[in-house]
Amino acid sequence: MKTNKNQLKEVSKILEFEDDKVLIELYGQHDENLTKIENNFGIHISYRGNIIEFRGNEDACSSASKFISSVYKKLINGKKINEDIFDDFSKNSKQSDAEDLNTILIKTKKKNIYPRSANQLKFVNLIKDKDLVFAVGPAGTGKTYLAVACAVEALLKKEISKIILSRPAVEAGERLGFLPGDLKEKIDPYLRPLYDALNDLIPSKTLERYLENNTIEIAPLAFMRGRTLENSYIILDEAQNTSSMQMKMFLTRLGKNSKMVIAGDSTQVDLPRGEKSGLKEILNIMPRIDEIGKVLFKKDDITRHSLVTKIVEAYEKNNKALSKSE
């Protein structure tokens, strides 16, 4: 095992489990749960039957063994576990996070949704508690999906009467005018991620009905001008591609008994050169009041393929190198 100057001396910690009936579920298929723990904590794990050994940084081994013990206790008590907790619980997490990450966050007709990181948990709790929430961070951290899921849950509970999902139709290297079809057909590709999230959360016939009667409305940002959105759940996705004026226009649509979520990645601005991002601006000037919440997602929160995290890291290193050379 490789160590660095900041690590403590390598130690060995052993756990022995009395009941081996749950070990397959605990260790995971092909030991994948243990492999995730190794990667998250930066330690080495080996086992023989019901005896498991942790080797590495003392604090990391202690945290990992406590986490494994916590999951084991749940299993022998007949409780089901959310396997995603093995992806995201790390040496930087508190033990209470393991409990929280095994708790259903959102219920819809098609599925129950669990948090896959501490920031996802924070995000959903803020959405339920605040009137306006900003979620900023790299792609793949679940910003859009969780916001849409919260909106669907609120609609099913009849806490609101309408969901409004919006995106700026900004070209990311392509030319909108060259796409075939009428205006709707040209715009739909920009809104496809919102449709994908809805299809994953709502039965197709129900979703079709909601879209037909405008209970759920999906529209480009430009279509929001001049409206007051009351008793609604309003989500703006790809907010980094709004201009200053567009962001101001959208935020001032918020009406009574409504919630608004603004999601974006400030590192992926596709606006014309020289045009200021409305998301970057509002994050600097928004008032710090109790009704507004903010979550800054990091690359550690990415829940897509593990390569996505490595790609984000590569771009971050390149951007830092470019900044130093300028």
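In which hand does α2 pass α3 in their crossing? The structure is a predicted model, in which local features need pLDDT of at least 70, side-chain atom pairs count only at pLDDT 80 or more, and totals for chains, interfaces and linings use all residues. Residues are numbered from 1 along each chain as its sequence is written, and side-chain values use heavy atoms, without hydrogens or water.

The protein chain has 12 helices and 11 strands. These are DSSP runs numbered from the N terminus (helices: H or I, at least four residues; strands: E, at least two). Of its 326 residues, 46% are buried. Buried means under 20% relative accessible area, with a 1.4 Å probe and protein chains only.

Helix α2 spans residues 32-41. Its buried residues include Asn33, Leu34, Ile37, Glu38 and Phe41. They lie on the same side of α2, because they cover an arc of only 145 degrees around the axis. The arc is that of the directions from the helix axis to the C-beta atoms. Just after α2, glycine 42 takes a positive phi of about 70 degrees.

Helix α3 covers residues 58-76. It packs against α2 at an angle of about 150 degrees, and the axes are 10 Å apart. Axes are lines fitted to C-alpha atoms over the stretch in contact, and angles run from 0 to 180 degrees between N-to-C directions. The crossing is right-handed: the near helix is turned clockwise from the far one by less than a right angle.

Leu34, Ile37 and Phe41 in α2 meet Ala60, Ser63, Ala64, Phe67 and Ile68 in α3. Contact means heavy atoms within 4.5 Å. By class, this contact has 7 nonpolar, 1 polar and no charged residues.

Technical notes: Buried means under 20% relative accessible area, exposed over 50%, partly exposed in between (1.4 Å probe, protein chains only). Ala, Val, Leu, Ile, Met, Phe, Trp, Tyr, Cys and Pro count as nonpolar, Asp, Glu, Lys and Arg as charged, and the others, Gly among them, as polar.
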